[in-house]
Amino acid sequence: MMRRILCGVIILTFLFVIGVMSSYAQKEVAYLSLADYTDGIAGLNVPADMGCEDYIKDLNSRGGVDGVKIKFIGVDTRYDVARGVSAYKRYRTEPKLLLINAIGTPIGKAVAPLSTKDKLITLVPGDGEFQANLGRIFAWGPTYQDAFAATVDWLLADWKKKGKTGIPKLGFISWDSAYGREPLRGGKEYAEKMGVAMAPPEFFPQGSLDHTVYLSRLAKAEVNYIFVGGVDPTPTNVIRDAHKLGLTKTIQFFCDYWGPTSLGTRLHPEALEGVVMGSYYLRGDDARKHPLANLWTKYGRGKLEDMNEVYTIGMAWAMTLEAALKIALKEVGYKKLDGEVIYQTYQKLTGVQRAGLQGPCAYSPTSRRGSLEIKFYQVRAGKVVSVSDWIKSPDAVSLHKF
Amino acid sequence: MNSFRKIMIVLSLLMFLLPLVACSTLFPTPKPKATVAVTPAQVELAFPGILRIPIVFTGTGWKPKEMVVVDMVLPPGVQMQGVKPGEDVGIAYGEADDTGNFKGEVPASAKLNTFFRVGYTLILSIDPKTLNPIPPGVYTIKASGADSGALATTTLEFVAPIPKK
């Protein structure tokens, strides 16, 4: 009899301990960054992921989101699509994986069908394709074509301000890749609609050391403006070559989100002087003076003046996930939290503020744009300075047939 | 009476056929085995010549429309930037067509990053001084279906550059 009672007590104690342990087990969700830490876009991806990881560390140190912590997984794909797809396949079964950040347009396009089948959401830089065909893929900010269209508006205002008549002519030069071509898928149509002539675009292989051949062709086409794509330091190098050819004296140069950062402008201040950049995130001192920039020093990244401003993009990715987790946990709790719930929740983030690091969140059932606004910056005396307020970018996606 | 007989015959036939149909589901037609092959099977580790040679994986028997991921198994001791020890490295991928055939070519980036383990300069362009080809030898290649989980293997041989006369 005593043996039976003892056995019963042991079993009950065992069950109690298991129950208590499981209720105190760490609640965690996973965030997968298919990143490039050592190849062509590492210059911006490394600081951006630092921002994301630091914000997550800070959030976790404060207890996470309602007790749920975020596990940051960064994989170095070297901007190689085959490695990106393989890495996704390796990590897709990670417990409570909710989100994949595909850093690089070609990787995003390749991983999208897989993550969609797995009912996870994927963040991509700026593909308009995913706004045209709504699904589980969300852009970080306005799409590339929208930002290009906003630049066309800026160009027209500049043309008018300078008292010029006739039709301005715009040149385009970028990487020969899915990313390089994306701005024109709707952006070209917008330029035509607004009465801006476009020279045939120039595409060059990523990693090219010299761009004078392509630039000379654009100069021969008598363009007044040139839009330079590529992830820094590529745009810096393209404009450096344009400066050598004397083109920066007569042609106004533009860059997209990944144009020269403050660190790049230190290398070639003379060549980059006057370059205008449309950005969906804070740049230059706007970024460094932001209160959240203190995470850079708090987590031992170095001096604040050395902070690459794309650090703030990473924080915005993490803040967006934080906002979604708050809603999702309130609505369904931790146990039911999965990719489908996060997908539904991301569509409810309309208007969410990310401490002004970028415009208000524009995700909704009909929008996959991370925000709608861009701000123009200009290189002046080696510094990246703000030359506009936040401006709502036009919808260029709808002008293109995807 | 006639109609009653007809009904009985139909019912009898159904009773005879239904178990057969039910049993057939117990023995489904065997799925075709997933395969993978590579052309060429032997590649010279010569730079930049390798960039001009297409290395193409083809396969049959995959689930229609599934993504097939091609990984190279790294032998112990072969280190690679961005790959943890024990991990395989992705070198190609392709989508199976409606009949389960797939084709995937090794992109230039994989040739540079993986076969030549290239480094980059401070301005992030390829640094030819850092070319560090993987050791010549026969490498195992794993192709896996993202939906079906099917796995097929083959080999790819890398040979040292042949000295030019």
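In this predicted model, begin by selecting helices α6 and α8 of chain A and look at how they cross: the crossing of α6(A) and α8(A) is right-handed. Helix α6 covers residues 144-161 of chain A and helix α8 covers residues 184-193 of chain A, and the two pack at an angle of about 25° with their axes 7 Å apart. Because angles under 35 degrees count as roughly parallel, α6(A) is described as roughly parallel to α8(A).

Next, widen the view to the whole of chain A and colour it by domain. Domain 1 takes in 27-142 + 289-371, while domain 2 takes in 144-279 + 375-399. The centres of domain 1 of chain A and domain 2 of chain A, taken over C-alpha atoms, are separated by 27 Å. Where the domains touch, 17 residues of domain 1 of chain A are in contact with 22 residues of domain 2 of chain A.

Then move to chain B and select its open sheet, in which 5 strands follow the order β2-β10-β9-β4-β5 with mixed pairing. Strands β2 (42-44) and β5 of chain B stand at the edges, and each has a single partner strand, so one side of each is left without a neighbour in the sheet. From one strand to the next, the twist averages 25°.

Within this sheet, select β9 (residues 137-145) and β10 (residues 151-159) of chain B, which pair in the antiparallel sense over 8 bridges. Along this pair, B:G137 stands opposite B:F158 in β10(B), and B:K142 stands opposite B:T153 in β10(B). The two strands β9(B) and β10(B) form a hairpin with 5 residues between them, and B:G149 in the turn has a positive phi of about 75°. On turning to β2(B), you will find that β2(B) and β10(B) pair in the parallel sense over 3 bridges, with B:V43 opposite B:F158 in β10(B).

Finally, display both chains together and select the contact between them, which takes 21 residues from chain B and 25 residues from chain A. On the side of chain B that touches chain A, β4 (67-72), β5 (89-95) and α3 (108-115) of chain B each supply at least two residues, and the largest share, 5 residues, comes from β5(B). The residues of this side of chain B divide into 13 nonpolar, 6 polar and 2 charged. To see an element of chain A here, select its helix α3 (residues 81-91), which lies across β4 and β5 of chain B and runs at about 90° to β5(B).

Conventions. Residues numbered from 1 in each chain as written. Chains lettered and ligands numbered in written order. Predicted model: local features only at pLDDT ≥ 70, side-chain atom pairs only at ≥ 80, totals over all residues. Contact = placed C-beta atoms within 7 Å. Helix = DSSP H or I, 4+ residues; strand = E, 2+ residues; numbered from the N terminus. Nonpolar A, V, L, I, M, F, W, Y, C, P; charged D, E, K, R; others polar. Pairing = 2+ DSSP bridges. Axes fitted to C-alpha atoms, helices over the stretch in contact; angles between N-to-C directions. Parallel < 35°, antiparallel > 145°, perpendicular 65-115°, else oblique. Left-handed = near helix turned anticlockwise from the far one by under 90°. Domains from an automatic or database assignment.
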